[in-house]
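Visitor: Hi, could you walk me through this one?
Guide: Happy to, let's take a look.

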Amino acid sequence: MRRFVLNRSQDVTGISGTGVILNGVEHIPGGLCSVYWPKYGTTGQYPSMKVLEAIHCYNGNAVVEWLDNPDRNCEYCDNADAYEMNEMDQGQRTGNVTAICKDCWYSGVQLVFHEPHQ
Ligand SMILES: [Zn+2]
């Protein structure tokens, strides 16, 4: 999973306000996103970041800012829409990473973790 915030520059409706208006987590690459709106204490779920952006980032009035794991090319098919995932061992991060896209994630590809390169 990776965390993100939604940073709104223009508030067309006057409801959400501007600045960082939403905290969220994308659970798997290209998949379900859970969000929290601090101003109203409400939560929501979106089937994908694409849907969330279509609803909340229209006309460029808001941008998604990732807090974890910047976008990378997929290490299994070179798709540019991938992100870094951490290897976990008994609930602990090992420090090893891989980068995978949604298609490869759902294809069940065998993940190969390695030390992060700069
Ligand atoms: Zn891929």
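Visitor: Which residue is the bridge partner of Phe-4 in β5?
Guide: The partner of Phe-4 there is Trp-66. Strands here are DSSP runs (E, at least two residues; helices are H or I, at least four), numbered from the N terminus.

Visitor: Can I ask what kind of model this is?
Guide: It is a predicted model, where local features need pLDDT of at least 70, side-chain atom pairs count only at pLDDT 80 or more, and totals for chains, interfaces and linings use all residues. Residues are numbered from 1 along each chain as its sequence is written.

Visitor: Back to β5: what stands opposite Val-63?
Guide: That's Asn-7. Strand β1 (residues 2-8) and β5 pair in the antiparallel sense over 5 bridges; two strands pair if DSSP finds at least two bridges between them.

Visitor: And how many bridges join β1 to β2?
Guide: There are 7, and those two strands also run antiparallel. One example is Arg-2, whose bridge partner in β2 is Glu-26.

Visitor: What's the order of strands in the sheet?
Guide: The open sheet has 5 strands in the order β4-β3-β2-β1-β5, with antiparallel pairing. At the edges are β4 (42-46) and β5 (62-66), each pairing on one side only.

Visitor: New topic: where does helix α1 lie?
Guide: Helix α1 (residues 49-56) lies across β1, β2, β3, β4 and β5, at about 145° to β5. Contact means C-beta atoms, placed from the backbone, within 7 Å. Axes are lines fitted to C-alpha atoms, for helices over the stretch in contact, with angles from 0 to 180 degrees between N-to-C directions.

Note on methods: Two residues are in contact if their C-beta atoms, placed from the backbone, lie within 7 Å.
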